[in-house]
Amino acid sequence: MDTTSQYRSFGGTQSVHTHHSKATGCEMTFAVFLPEEAQNGPVPVLIYLSGLTCTHENAMTKAGAQQWCAEQGIAIVFPDTSPRGDDVADADGFDMGLAASFYVDTTQEPWAANYQMETYITKDLMEALKELPLDLDRVSITGHSMGGHGALTLALKHPDLYRSVSAFSPICHPTESEWGQRQFEGYLGKDRETWNAHDATCLVRDRGSDLKILVDQGLDDQFYDKLNTADFAAACAEAKVEATVRLQKGYDHSYYFIATFMEDHVAFHAEALYA
């Protein structure tokens, strides 16, 4: 693992690292904020998955998470949203290919060679994080939009890895959304039954969950009809899964929304990480 930059921030350090991933077959980049407490020993970790068009840098610079993580004594990790490189497949448009992995392990060509993002986030990234002063037995996950979809689905599929999960404006029911159907057909094939394993609404309905769950959704979100928050809330109620789903009047899909409620999400995860 190589360190490409490092800065002092809120008493801790904000750094960016690169490493080779066996899963994606290329160099991957992630950023991490370590609070001051990391100087004395391993600290708990919050993983933040970003949305469509983003890199590791968007949330690192716009979400305002570092100050709240510093207060709680937890680290936050910002992975990239997809594999990258000259030989990595891409597509026209912003919603498929580079920066649009949907955090799935793809099975279809030309994506399968590199787009193994579920394995990357749950395995290769965690291996790389062992080089840092992090307590990897205490990990939670959050994300925004496509990254909120990733956070919810990975947590529901791998509950042994995470203490809690939250999401800002997540794509909650991609199998029934234009943000999901085209991508899943391209990445996973035409068998819709295989798509359900990457859909938070289907997962919570079919598997239930004992995880602590928090979702914030702006009611003025310009993409509200693509996100299907109500479907996820209904599935949680049907499966008797305890979840807090908050509808925030006047807020949209932007990082202004995320930054407004980031303190709440960090405190929510800190409660689970220190339990």
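The protein has 10 helices and 9 strands, taken as DSSP runs (helices H or I of at least four residues, strands E of at least two) numbered from the N terminus. Its radius of gyration, taken over C-alpha atoms, is 17 Å, close to the 19 Å given for 275 residues by the globule rule, so the protein is as compact as a globular protein of that length; the rule is 2.2 Å times the number of residues to the power 0.38. This is a predicted model, in which local features need pLDDT of at least 70 and side-chain atom pairs count only at pLDDT 80 or more, while totals for chains, interfaces and linings use all residues. Residues are numbered from 1 along each chain as its sequence is written, and side-chain values use heavy atoms, with hydrogens and water left out.

Buried residues (under 20% relative accessible area, with a 1.4 Å probe and protein chains only) make up 60% of the 275 residues. In helix H2 (residues 65-72), Ala-65, Gln-66, Trp-68, Cys-69 and Ala-70 are buried, and these buried residues pack, with contact meaning heavy atoms within 4.5 Å, against the elements tabulated here.

| Element packed against H2 | Residues |
|---|---|
| strand S1 | 2-9 |
| strand S2 | 12-21 |
| strand S3 | 26-34 |
| helix H1 | 57-62 |
| strand S5 | 75-79 |
| helix H10 | 255-273 |

Just after H2, Gly-73 takes a positive phi of about 70 degrees.

Leu-152, Thr-153, Leu-156 and Lys-157 in helix H4 meet Ala-200, Leu-203, Val-204 and Arg-207 in helix H7.

Technical notes: Buried < 20%, exposed > 50% of the residue type's maximum accessible area, 1.4 Å probe, protein only.
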